[in-house]
Amino acid sequence: MSAATDLRVAGREQAPAPRPPRRHSGRTWLRRVVLGVLLTGLAVVMLTPLVFGFFASVSPLRQIVGSDPGLLPDSWDWSNYSDAWTRANFARYFVNSVVVTLVVVVVDTLASSMTGYVLARKHLPGQRVLETVFMLTLFIGLTTAMLYPQYQIARSLGIANLLGISMVEYAGIMIIHVYLIKAFVQGLGTEIEDAARVDGCGFFGTYRRIALPLMTPILVTTIVLGFQASWNNYQVPLVFSLAEADLRTLIVGVSALQYDAVEGMSAYNTVLAGANMALIPIIVVFVVLQRFFVRGWTEGAVKG
Amino acid sequence: MSRVSVVGAGRSAPADQRGWRRRENAAAFAMLGPSLLPYIAFALVPVGWLVYYSFFRWNGFTDPTFVGLENYQRVARDGEWWESVVTTLQFTGGRLVLEIPLALALAYVFFRGVRAESLLRTIYFLPYVLSPAIIGIIFGFLFREVGGQFNQILEGLSLISAPINFLGDATNALLSLISVGVWAHVGINMLLFFAGMITIPRELTESAAVEGAGEWQTFRHVVLPMLMPVARVVVLISIIGILRSFDLVKTLTDGGPTGATDVMFTYIYRFFFEPETVPQIGYAAALGVTASVVVGLVSVAYLRVVRRAEA
């Protein structure tokens, strides 16, 4: 069912799988060493930019804007972070990021699970048309070009604020999540739900009391995907905060400061501290919940 | 009432049954509301909005003027726009040429089993989790010509004698964008290929080994053909995603130097939000619709090519 679990199990099984005896064991050994060097080298390449980005963020400003700054911090200077937090208003941006992400994840979990459940269990009049339209919008994908109308619509609805940012972001991720949930529910047996219906549970009650708890595995996946999409989103908060800097999320705040920094590089240390503040939460969540990310990516790609 | 009719639907009066069904459907429709409302307001209406205003001249403030197809005629003549389309295609081609073979090779290595598998996998996936906008900002810093970390490392290893101007030269800037894109996405493509490989029946690879096939032969003649259905989808998703790029390009080069790395959506963005004089909403909308058609055409062309190659 889930590619993640298969992936782990299969990965384990593969390693000790009996291999045909090779005559040139020396060559096999050499090949393993070369492969190990290449794989380690690639791991170094993947990590190097992040490590040096982090080192620069704890270096004194005069060092990183100098002509020969070296790779390691002259002295570990955490004041970049406290400066970013207090003087560059990043505390506010951080809170905005948390609020937007939280609203997206909560709305996503409730609204998408209801819609996915209805589409899996009902044959409503017009349902096929609705699902076709869902697919069309997914493939038309005007993405960045839609930001202007999205912002104008939010303004006319009176939600040109953090709530509006969350709703636009939710509209962007919702279709895939609904389909993941729909496919999951279709894979569940209906026996328990039928029993609840016989005992007098209405359609919504059956969803809330019976189906919702059973959906936990797929909802963990959509929560993780929603968190990634919303925390990292750049375009939506960028456009919403053009007229009102107080709506900036952490990522938009960092990029706005970087634009200023291009002029005199006066705030590069603050930019890098802010950039790392935006990266660290998702790195931590990723390392802890990796298997849910992996499951979400594989299922999202296969079904999407 | 309704409770009884659920169980004894067959025995209850038709009118009662209809009332029950109506209540059931009403509940179901109500449950669609919380996701349909944001969807309609922010995914469906904006599409119609863009198509509608692509036939108008409008600066976003005064009254729009209907101009028919004028905006589209201007798109056809807009040399800078088609340059950005070409850049987008170059970016896509460059990314795919590097990313897909590398991801395939890594997936196969993991498929055959390696040590420290889960640690390596975590490291390879990590860049994909991160915000492309922040990645652009950090790489922009590391790519600096004077004092940039990459130049320091390359000079330290004596690989170059003079610092490379990574972002200030048109070709270099595009190559830098491609490299960062590959860096960020090779892990996810590896994962998707791997997930496809583990569905291949084990007997096939085993019998290949028994018959004395080497690793390359096993990969080329057993794994790759079986993987094709998955690979086709993975590549298509990559193509669509890269054609729609915005965040990384915006923060790493912002289309620079002088528009040389503008991709479709960074070009369009300017007409909406960063105009030289006044916003040109109608024209930007026409560009957006055109971009969507370009993405559609490239996807269809790709699917035709792979289908022909397989036939």
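How far apart do the C-alpha centres of domain 1 of chain B and domain 2 of chain B lie?

**Exercise 1. Locate the two domains of chain B and state their separation.**

Solution. Before starting, note that this is a predicted model in which local features need pLDDT of at least 70 and side-chain atom pairs count only at pLDDT 80 or more, whereas totals for chains, interfaces and linings use all residues. Residues are numbered from 1 along each chain as its sequence is written, chains are lettered from A and ligands numbered from 1 in the order in which they are written, and side-chain values use heavy atoms, with hydrogens and water left out. Chain B is divided into domain 1 (1-40) and domain 2 (70-132 + 173-310), with bounds that come from an automatic or database domain assignment. The C-alpha centres of these two domains of chain B are 45 Å apart.

**Exercise 2. Compare the UniProt annotations of chain B with its helix content.**

Solution. Begin with the record: an unreviewed UniProt entry places "domain: ABC transmembrane type-1" at residues 85-302 of chain B, and UniProt positions are given in the numbering used here, with feature names shortened and annotations that may be inferred rather than shown by experiment. Residues 85-302 of chain B are 75% helix and 0% strand, and the end C-alpha atoms of this span lie 16 Å apart; here helices (H or I, at least four residues) and strands (E, at least two) are DSSP runs, numbered from the N terminus. Next, the unreviewed entry lists "transmembrane region" for several spans of chain B, including 27-52 and 92-111. Residues 27-52 of chain B are 100% helix and 0% strand, with end C-alpha atoms 34 Å apart, while residues 92-111 of chain B are 100% helix and 0% strand, with end C-alpha atoms 27 Å apart.

**Exercise 3. Describe how helices H11 and H14 of chain A are placed against each other.**

Solution. Start from the chain, which holds 15 helices and zero strands in chain A. The axes of H11 (residues 216-232) and H14 (residues 268-288) of chain A come within 11 Å and cross at roughly 175 degrees, where axes are lines fitted to C-alpha atoms, for helices over the stretch in contact, and angles run from 0 to 180 degrees between N-to-C directions. H11(A) is therefore roughly antiparallel to H14(A), a term used for angles over 145 degrees. Then list the partners: Phe227(A), Gln228(A), Trp231(A) and Asn232(A) in H11(A) meet Met277(A), Ala278(A), Pro281(A), Ile282(A) and Val285(A) in H14(A), contact meaning heavy atoms within 4.5 Å. By class, the contact of H11(A) with H14(A) has seven nonpolar, two polar and no charged residues; Ala, Val, Leu, Ile, Met, Phe, Trp, Tyr, Cys and Pro count as nonpolar, Asp, Glu, Lys and Arg as charged, and the others, Gly among them, as polar.

Note on methods. Parallel < 35°, antiparallel > 145°, perpendicular 65-115°, else oblique.
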